[in-house]
Amino acid sequence: MVVVAGLAGGTGSGGFIDTGFFVRQHIPNAAITGHFFLPGTFGKIIPEKKTETYANGYAALKELNYYIAPPMDVSSSTKDTRKYRDFRFKWTGEESDPQQAPYDQVFLVEGTNWKGAEIKQGLDSGSRGRS
């Protein structure tokens, strides 16, 4: 299962964690991959909102990190196997307490290629191998 969302603020960054857990609950054996567009991909669309979109992206990445990073038992620095994270929801009438991260893999998409040039359309390989 692939989930695609923008992390500049709005529906994507507001629901991408819930969406991963929702899919995990309804399709338990699915391999769930997230493809998330960072705020830099929206730079030309809303330049006057750059500060807000980057703040939203930072908050979304912090939230993602919290739910993807395995919990640690602070006293012994080992994985805590009791539960994954404190995320409870009630979408289907009964409460759920996930035991896995919302995503198995995550890909972050930025608005520039590896050379720092703006990606104008489609997928841009960055002209690797060309001078």
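Mentor: Two ground rules. Residues are numbered from 1 along each chain as its sequence is written, side-chain values use heavy atoms, and hydrogens and water are left out. The model is predicted, so local features need pLDDT of at least 70, side-chain atom pairs count only at pLDDT 80 or more, and totals for chains, interfaces and linings use all residues.

Trainee: What makes up the secondary structure of the protein?

Mentor: Two helices and five strands. From the N terminus on, they run β-α-β-α-β-β-β. Both kinds of element are DSSP runs numbered from the N terminus: helices are H or I with at least four residues, strands are E with at least two.

Trainee: Why is the pair Arg24 and Asp104 called a salt bridge?

Mentor: Check the cut-off: a side-chain nitrogen of Lys or Arg within 4 Å of a carboxyl oxygen of Asp or Glu. Here the N to O distance is 3.3 Å. That is within 4 Å, so the name applies. A search of the whole structure finds one salt bridge.

Trainee: What does the pair tie together?

Mentor: Arg24 lies in helix α1, and Asp104 in the loop between β4 (78-79) and β5 (105-109), so the bridge joins parts that are 80 residues apart in sequence.

Trainee: Why is Arg24 called buried?

Mentor: Buried means under 20% relative accessible area, exposed means over 50%, and partly exposed is in between (1.4 Å probe, protein chains only). Arg24 has 7%, so it is buried. Asp104 has 43%, so Asp104 counts as partly exposed. Across the protein, buried residues make up 29% of the 131 residues.

Trainee: Which residues touch the most other members of the largest nonpolar core?

Mentor: Leu7, Phe16, Ile17, Ile32, Phe36, Leu64 and Tyr103, out of 15 residues. The elements giving two or more residues are β1 (2-6), α1 (11-26) and α2 (50-68). The largest share, four residues, comes from α1.

Trainee: What makes it a nonpolar core?

Mentor: The members must be buried Ala, Val, Leu, Ile, Met, Phe, Trp, Tyr or Cys, joined through side-chain atoms within 4.5 Å. In soluble globular proteins, nonpolar side chains tend to be buried together.

Trainee: Which residues is Phe36 in contact with, leaving aside its neighbours within four places in sequence?

Mentor: Among them are Val3, Ala5, Leu7, Phe16, Leu64 and Tyr103. Contact means heavy atoms within 4.5 Å.

Trainee: Which residues form a nonpolar patch on the surface?

Mentor: Val2, Val4 and Phe37, with about 260 Å² of accessible area together. Patch residues have over 30% relative accessible area and no salt bridge; like charges are joined within 9 Å, and nonpolar side chains (Val, Leu, Ile, Met, Phe, Trp, Tyr) within 5 Å. The areas come from the Shrake-Rupley method with a 1.4 Å probe; for residues, only the protein chains shown count as cover. Phe37 itself lies in strand β2 (residues 33-37).

Trainee: How far apart are Gly9 and Pro39 in space?

Mentor: Their C-alpha atoms are 8.4 Å apart, while 30 residues separate them in sequence. Gly9 lies in the loop between β1 and α1. Its relative accessible area is 38%, so Gly9 is partly exposed.

Trainee: Where does pLDDT stay under 50?

Mentor: Over residues 124-131, for which the model has 10 contacts beyond four places in sequence. pLDDT is the predictor's confidence in each residue, from 0 to 100. The mean for the protein is 78, and 70% of its residues reach 70 or more. Where pLDDT is low, the predicted coordinates should not be read in detail.
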